[in-house]
Number of protein chains: 2
Amino acid sequence: MSRLESMRRRLTAQIDGLNWALDQVADIPGDMLELGLGNGRTYDHMREYGDDRRIWVIDRQLNCHPSCVPPEDSYLEGEADAMMQALADRGAKIALAHYELGIGIREQDEKEAEKLSEYLVPLIAPGGLIVSQQPIVGIPEIDGPDTIAEGRYLFYRQPG
Amino acid sequence: MSRLESMRRRLTAQIDGLNWALDQVADIPGDMLELGLGNGRTYDHMREYGDDRRIWVIDRQLNCHPSCVPPEDSYLEGEADAMMQALADRGAKIALAHYELGIGIREQDEKEAEKLSEYLVPLIAPGGLIVSQQPIVGIPEIDGPDTIAEGRYLFYRQPG
């Protein structure tokens with residue numbers, strides 16, 4: 001498989017995974033959370049198909065496409081742990097979180113995801129989902145849609 | 001359509017367009033040419049499915065993924081017009097060229113493509129193809145594969 005095909009497969013997994021998760025949380029009240037805005041493509045997808053829920057966005061730096069700049073009052077710039085703590089302090093409840101942090105170094109990215117799980121999991125509303133490229137701990141993993149190759153994307157649901 | 005879906009559509013057009021063009025030039029002798037390496041994804045695709053043809057690569061700067069660095073003796077770093085002139089001086093004949101130069105500003109990109117056509121078209125072997133994101137002049141345009149939305153990708157064939 002060429003890197004061109006691999007990239008398309010990754011985008012397809014993101015589209016299928018987010019669409020499936022959005023459908024799963026249709027009846028769960030709460031906001032959404034994009035952890036790692038990047039170029040803003042998945043944020044744009046959540047915005048387009050997310051039924052006008054508020055989408056909190058956390059990133060260290062705003063590097064996105066101009067059309068994907070989040071509203072100022074929903075954007076939290078800084079370290080993810082501190083920003084999630086700020087969200088918790090505000091009483092935010094998240095129906096769907098998309099975790100896309102990482103620099104492409106597996107061991108380091110997994111360690112960071114484990115550390116951040118402690119802040120992320122308590123934000124998730126009962127029945128709410130996390131869709132993630134990294135393993136999250138402290139919340140039950142569930143099967144995602146059949147169309148996604150195993151391990152390419154991870155899905156978690158908050159009990160309740 | 002979200003930017004995530006739009007990006008997938010673009011990758012699909014690239015994959016379908018390059019696969020179709022590779023098939024079209026199967027019996028045309030000559031090398032390949034990647035005009036604008038970028039991150040190297042389409043180069044990787046041409047490399048994987050290009051029957052071991054030599055792939056000349058022209059770019060102003062090497063910014064690709066480490067796995068997609070072209071062999072030193074096929075990489076020409078510099079302005080595209082001068083580099084294509086260097087190729088012509090070496091007597092290179094191109095069966096398939098992929099034109100991906102541009103900075104995303106339509107008018108400017110089209111003007112550059114028109115200017116560079118003068119160097120690009122004479123390099124193409126009789127029956128050879130250009131696949132391009134920008135309009136090329138001085139060579140007949142042909143229909144590409146049906147699966148690609150009109151205008152998203154352009155195809156040209158050298159008479160003969």
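**Exercise 1. Size of chain A**

Solution. The structure is a predicted model. Step four turns to the interior. A residue counts as buried if 20 or more other C-beta atoms lie within 10 Å of its own. By this rule, 39% of the 160 residues of chain A are buried. Step five looks at contacts between residues at least 6 apart in the sequence of chain A: 62% of them join residues at least 24 apart.

**Exercise 2. Elements of chain A**

List the helices and strands of chain A in sequence order.

Solution. Begin with the count: chain A has four helices and seven strands. Then read along the sequence, which gives the pattern α-β-α-β-β-α-β-α-β-β-β.

**Exercise 3. The sheet of chain A**

Work out which strands of chain A stand at the edges of the sheet.

Solution. First write down the strand order. The sheet of chain A is open, with seven strands in the order S3-S2-S1-S4-S5-S7-S6 and mixed pairing. Next look at the two ends of that order. Strand S3 (75-77) and strand S6 (141-142) of chain A are the edge strands; each has a single partner strand, so one side of each is left without a neighbour in the sheet. Now take one edge in detail. S6(A) is joined by two bridges to strand S7 (residues 154-157) of chain A, and the two run antiparallel. Within this pair, Glu141(A) stands opposite Tyr156(A) in S7(A).

As background, strands of a sheet pair through backbone hydrogen bonds, either parallel or antiparallel.

**Exercise 4. The relation between the chains**

Find the rotation and shift that superpose chain A on chain B.

Solution. Two copies of a chain are related by a rotation about an axis and a shift along it. Here the rotation is 180° and the shift along the axis is 0.0 Å, with an RMSD of 0.0 Å. This is the relation of a two-fold axis. To place the axis, look for the residue of chain A that comes closest to it: Arg8(A), whose C-alpha is at 2.9 Å. The same surface serves both copies, since 100% of the contact residues of chain A recur in chain B.

**Exercise 5. The side of chain A that touches chain B**

Describe this side by number, by element and by class of residue.

Solution. By number, 18 residues of chain A are in contact with 18 residues of chain B. By element, helix H1 (3-24) and helix H2 (41-49) of chain A each supply at least two residues of this side. H1(A) gives the largest share, nine residues. By class, the side of chain A that touches chain B has five nonpolar, seven polar and six charged residues.

How values were computed. Residues numbered from 1 in each chain as written. Chains lettered and ligands numbered in written order. Predicted model: local features only at pLDDT ≥ 70, side-chain atom pairs only at ≥ 80, totals over all residues. Buried ≥ 20, exposed ≤ 12 C-beta atoms within 10 Å, placed from the backbone. Contact = placed C-beta atoms within 7 Å. Least-squares fit on C-alpha atoms with pLDDT ≥ 70 in both. Nonpolar A, V, L, I, M, F, W, Y, C, P; charged D, E, K, R; others polar. Pairing = 2+ DSSP bridges.
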